[in-house]
Amino acid sequence: MKRQTLAAIVASVFALAACGQQAADKPAENAASVEAAASAASQAADTPSSELPVIDAVVTHAPEVPPAIDRDYPAKVRVKMETVEKTMKMADGVDYRYWTFDGDVPGRMIRVREGDTVEVEFSNHPTSTVPHNVDFHAATGQGGGAAATFTAPGHTSTFSFKALQPGLYIYHCAVAPVGMHVANGMYGLILVEPKEGLPKVDKEFYIVQGDFYTKGKYGEQGLQAFDMDKAVKEQPEYVVFNGHVGSIAGDNALKAKAGETVRMYIGNGGPNLVSSFHVIGEIFDKVYVEGGKLINENVQSTIVPAGGSAIVEFKVDIPGSYTIVDHSLFRAFNKGALGQLKVEGEPNPEIMTEKLSDTVYQPEGASAPAAPASAASAANAYE
């Protein structure tokens, strides 16, 4: 009996030792798998661009945003760009001769992945009056590609760059006089997604602010020419979102539903003014400061420098018309920097009620009050 007991004890000791060995082996196995994954990622990152899979970029006109990157490896992403000089509507009754990337202001939004090689085919339309090029703030190297893409009318140039650092970056024309090319609308955004991607949201929008310098005053009818003196003095007649007064307002308003999360990719083409970007009635849950890695939270307005960007995220809790402005307010209400986000859904008085009462207030010694202003007229500025 004693021998059986002793044998059982010995067997138990060996079993425990074996379990301990397995447990000890698991961290090593986990470490090995992590190391293998890191090695594979490193090898992918070091793959020569000539050996990368080739894909065509999905690009979009504002306010639309290209779909999120759904791959976990680098690629050679081909981007076609065309510069076109064309007359378009600036405001009701006001036209302007824009210089554009791909036919509108801003140029189309480009979305790539950190580590991608971006191959740019850059064409200048034969009807253009001057050479154009593109400086990618996402590119590392002299001029951001400006020299490589300097292109005469009726010609096409190609170059490539590696997207080394994630972030949201401006691209713009950099042909002299640079300010004039940018002031005529030659800018856009390129998003370099981090390798791990961005958190999923319900809606994404693309907005770029710009300042325009016309010979005529704001609202003066007809075809307006560029005014270099006003540009040098930094005195724009128009400050607008997406190239035109009302581009994201009224029938063109951005749309969402209560309860959805919204991400806005904000750029500022300039060429001169810094934007104080604000959505009236909302608080930004997150701001990717200047389009980079640093995240700030619970922000009311965020600065977007000329030639810079920001990413803002927020949840829309209740329905309404949310006015988008540059909070340098004369730009908003007198120069055109106004947009709208229209949110549908059920009211939630726990968050905000409608007007509950309107009674006469007459302090001692005061004269009789005027008739109360209607809620509708008071709200007109924000609708």
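The second largest pocket is lined by 16 residues, and those nearest its centre are P166, P194, E196, G292 and K293. A pocket is found on a 1 Å grid over the protein atoms alone, as an open set of points where a 1.4 Å probe fits, with protein on both sides within 12 Å along at least five of seven lines; a lining residue has an atom within 4 Å of a point. Rolling a probe the size of a water molecule over the atoms shows where empty space is left. The volume of the second largest pocket is about 310 Å³, a volume being the space filled by probe spheres set on the grid points, which are joined across faces, edges and corners. Its lining comprises nine nonpolar, four polar and three charged residues. In this classification Ala, Val, Leu, Ile, Met, Phe, Trp, Tyr, Cys and Pro are nonpolar, Asp, Glu, Lys and Arg are charged, and the others, Gly among them, are polar.

The model is predicted: local features need pLDDT of at least 70 and side-chain atom pairs count only at pLDDT 80 or more, whereas totals for chains, interfaces and linings use all residues. Residues are numbered from 1 along each chain as its sequence is written, and side-chain values use heavy atoms, with hydrogens and water left out.

The protein chain as a whole contains five helices and 21 strands. Of its 383 residues, 42% count as buried; buried means under 20% relative accessible area, exposed over 50%, and partly exposed in between, with a 1.4 Å probe and protein chains only. Among contacts (heavy atoms within 4.5 Å) with a separation of 6 or more, 70% join residues 24 or more positions apart.

Strand 2 (residues 76-91) pairs with several partners, where pairing requires that DSSP finds at least two bridges between two strands. Strand 1 (residues 54-56) runs parallel to strand 2 and is joined to it by three bridges; D56 has R78 as its bridge partner there. With strand 3 (residues 94-101), strand 2 forms eight bridges in the antiparallel sense, and M88 stands opposite Y96. Two residues lie between the strands of this hairpin, in which G93 takes a positive phi near 80 degrees.

N242, which is not a glycine, has a positive phi near 55 degrees and counts as buried at 4% relative accessibility. E290 has a positive phi of about 55 degrees, but counts as exposed at 54% relative accessibility.

Beyond its neighbours within four places in sequence, K230 is in contact with Y213, T214, K215, G216, Q235 and E237.

Notes:
Helix = DSSP H or I, 4+ residues; strand = E, 2+ residues; numbered from the N terminus.
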